Amino acid sequence: MIEHGGADLGPAVRWDFSTNANPMGPLAGAVQALAQADRRIYPEPSYLALRQRLAEAGLAPLERLLPSAGNAEAIRRLTLAARLAGCRHVWVPQPGYAEYRVAAETLGLSVRGYDSVASLTQALRDALTGTSPEPALVWLCEPCNPSGDDVPQRDWDALSALWPTAAQAGCTLAIDRAYAPMRLDGDDPLPNGLIDASWQLWSPNKALGCTGVRAGMVVAPLTRAPGWPDLAALAPSWVLGSEGVALLSVWLSDGVQAGLRVQRGVWAAWMRTQQALLRDFGWTVRDAVVPFFLARPPEGQPLDLLLPALREQGIKLRDATSLGLPGWCRLRVMPPEAQDALRAALKALAPEPAPEPDVDADVDADVDVDAAAPSTEEDACAPGP
């Protein structure tokens with residue numbers, strides 16, 4: 001089983017920094033919609049009304065919208081479609097969400113990692129100049145997970161300029177947009193060319209504070225690679241339950257979006273204080289554009305000892321090893337009372353400071369310190385014999 005954050009086999013913790021869901025909990029509009037979901041009947045199997053609502057809200061044209069049971073399910077299905085279309089190679093971000101790699105390896109596809117979009121673009125450019133470039137499925141995540149940062153605009157522009165050539169060679173681009181609704185500034189950095197050329201995977205349950213509801217929407221590219229199968233035909237029947245339909249129905253509503261805009265300002269303030277807290281305890285902290293970020297404890301505090309000790313005090317952090325960053329943690333931004341609990345726990349677990357050296361013990365008792373020292377300032381500055 002792939003390691004994830006959030007719930008585990010242990011008892012529930014009071015302060016869960018490990019998940020990257022909305023730190024303020026479910027939005028009122030989402031709660032109300034879920035309460036009204038009719039669980040007695042199957043949803044309409046084509047999800048036409050839901051897709052029409054999201055199309056009218058500006059997500060994408062109706063014919064390009066495909067429901068999913070969240071991005072993890074969509075990653076598996078899209079990888080299968082790529083395999084059926086003839087792809088044999090998959091590019092994945094490292095560090096990154098393990099599901100991309102596992103989905104590919106499960107189907108016998110070779111996996112190639114990249115550490116930045118700039119290095120990915122160069123690797124693709126090199127591959128496309130070969131004698132027989134091979135089609136590949138290329139995964140990106142924006143904003144990135146686990147780092148919580150974004151791709152520099154110049155790197156997006158370089159990839160966008162290259163992509164028509166890559167698409168002609170049979171490459172398929174898939175962009176995980178799970179954290180886009182949580183961007184602190186709300187701006188989308190993707191060039192229009194890549195938006196039209198890529199598969200985009202949206203799953204707003206984290207932003208809406210309802211991670212237990214598995215629901216998402218895939219936006220298909222304007223044109224698909226030759227031989228690409230019908231992604232809807234690869235989905236299980238009723239891929240979305242009634243709760244998923246209800247959550248997606250209100251995702252882009254005016255009320256929910258207004259609530260998220262207000263929350264973003266609170267998240268940003270909480271993130272500044274939480275990052276400062278960790279720096280005070282000697283942690284290395286990386287900036288982010290979403291309400292989660294990476295941090296590494298100081299030397300001498302290994303995670304295999306620190307994380308269980310914190311859990312005993314009701315605090316859970318996410319070990320980023322399974323995401324490709326051993327020694328680092330991914331932390332969700334949390335409210336002040338949770339930060340106070342984290343501060344108290346880190347203080348209690350901090351190593352005892354080394355004792356000050358005993359200066360008197362280092363002095364040889366047989367040496368007359370006063371006799372050995374210069375008697376005047378002139379003596380102290382005088383040259384030797």
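Reader: How far is the sulfur of Cys144 from the closest cysteine sulfur, in Cys141?
Author: This is a predicted model, in which local features need pLDDT of at least 70, side-chain atom pairs count only at pLDDT 80 or more, and totals for chains, interfaces and linings use all residues. Residues are numbered from 1 along each chain as its sequence is written, and side-chain values use heavy atoms, with hydrogens and water left out. A disulfide is a pair of cysteine sulfur atoms within 2.5 Å, and the sulfur of Cys144 is too far from that of Cys141 for a bond, at 6.1 Å.

Reader: Does Cys144 count as buried or exposed?
Author: Buried means under 20% relative accessible area, exposed over 50%, and partly exposed in between (1.4 Å probe, protein chains only). Because Cys144 has 18% relative accessibility, the residue counts as buried.

Reader: Which residue holds the cysteine sulfur closest to that of Cys171?
Author: Cys171 is itself buried, at 7% relative accessibility. Its sulfur is too far for a bond, at 7.2 Å, from the closest cysteine sulfur, which belongs to Cys87.

Reader: Which residues of H10 and H11 make the contact?
Author: Helix H10 covers residues 303-312 and helix H11 residues 336-349, helices being DSSP runs (H or I, at least four residues) numbered from the N terminus. With contact meaning heavy atoms within 4.5 Å, H11 contributes Ala345, Leu346 and Leu349, and H10 contributes Leu306, Ala309 and Leu310.

Conventions. Axes fitted to C-alpha atoms, helices over the stretch in contact; angles between N-to-C directions. Helix = DSSP H or I, 4+ residues; strand = E, 2+ residues; numbered from the N terminus.
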